[in-house]
Amino acid sequence: MKITAIRAFPCWVGIRTQLLVKVETDEGIFGWGESGLTGREKAVVGALEHFAELIVGMDPFNIGGIWQKLYRSQYFEGGRVLAAAQSAIDIALYDIKGKALGVPVYQLLGGKQRNHIPTFATTSGEPNEAMIEQAQMLIDHGWTAMRLSPSGHDETTYEPREHIATTAKWCTKAREVLGDDVVLGVDYHHRLSVAEAASFCQKMPRGTLDFLEEPIRDETPEAYESLRRMTDIPFAIGEEFASSGSSCPSSSAISTSITASTSAMSAG
Ligand SMILES: [Mg+2]
């Protein structure tokens with residue numbers, strides 16, 4: 001079997017863009033991947049065009065070899081754009097291999113390890129009474145974990161102090177109303193500085209949040225290391241991480257920042 005084409009399909013999926021990637025073969029089997037770099041699809045499409053020149057004609061079963069070729073055969077390697085394109089191809093190659101062998105992809109990754117995967121829901125709109133009512137409705141429908149909306153998410157001008165105060169107030173209220181059993185988190189989409197994130201955490205009683213997602217940018221591992229020392233709220237982070245590039249924290253820094261309980265929750 002040989003790879004014959006890599007095709008990119010930028011899509012609009014309601015609230016954001018998504019880049020689907022199709023890898024085709026000469027045996028009619030094709031695989032689908034997704035790049036995950038929302039808002040930078042055009043750059044990823046260009047990277048995919050570069051990568052197609054390298055791997056069209058190769059055997060799609062050699063997933064590890066193709067990964068090495070994409071990552072190491074050129075002078076500049078890794079970083080968010082190239083890693084996003086490479087990831088999409090990698091996912092598609094597993095799809096091809098699974099289809100060709102007639103097995104689910106998890107059989108190619110060590111076999112089945114669990115019978116279900118916990119998921120979470122996200123409330124919409126500004127934090128207020130309506131948000132808590134929405135959260136209660138989600139609980140009534142069986143959801144046991146959810147992300148609450150941070151204040152100012154959709155505003156053009158973000159005022160950290162103002163929005164931190166509002167978000168902390170309504171998260172505290174939500175915990176009081178919803179009880180201790182539900183898992184509550186907030187996704188800050190890395191809009192805060194270390195000091196602002198620490199301030200936000202300290203404005204709420206201990207136990208209010210079960211996780212805080214992407215509070216700061218990942219530009220330096222030391223920033224997360226500092227923040228880790230200022231709060232015991234578990235972090236859900238990693239959306240910005242990519243192989244290589246200065247933005248990728250060392251493995252030791254990551255291990256002190258990510259908690260096992262939240263690692264399955266990072267979903268945008
Ligand atoms: Mg997120």
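Two strands are taken to pair if DSSP finds at least two bridges between them. Strands (E, at least two residues) and helices (H or I, at least four) are DSSP runs, numbered from the N terminus. The structure is a predicted model, in which local features need pLDDT of at least 70, side-chain atom pairs count only at pLDDT 80 or more, and totals for chains, interfaces and linings use all residues. Residues are numbered from 1 along each chain as its sequence is written.

Strand β1 and strand β2 (residues 17-25) pair in the antiparallel sense over nine bridges, and Ala5 stands opposite Glu24 in β2. An open sheet is formed by three strands in the order β1-β2-β3, with antiparallel pairing. Its edge strands, β1 (3-12) and β3 (30-34), each pair on one side only. Direction ignored, neighbouring strands of this sheet are turned by 20° against each other on average. Axes are lines fitted to C-alpha atoms, for helices over the stretch in contact, and angles run from 0 to 180 degrees between N-to-C directions.

Helix α1 (residues 41-55) lies across β1 and β2 and runs at about 175° to β1. Helix α3 packs on the sheet, touching β1, β2 and β3, and its direction makes about 145° with that of β3. Two residues are in contact if their C-beta atoms, placed from the backbone, lie within 7 Å. Helix α3 is followed by Gly102, whose phi is positive, near 70°.

Ile132 is placed in helix α4 (residues 129-140). Leaving aside neighbours within four places in sequence, Ile132 is in contact with Lys173, Ala174 and Val177. The C-alpha atoms of Ile132 and Leu148, 16 residues apart along the chain, are separated by 8.6 Å.
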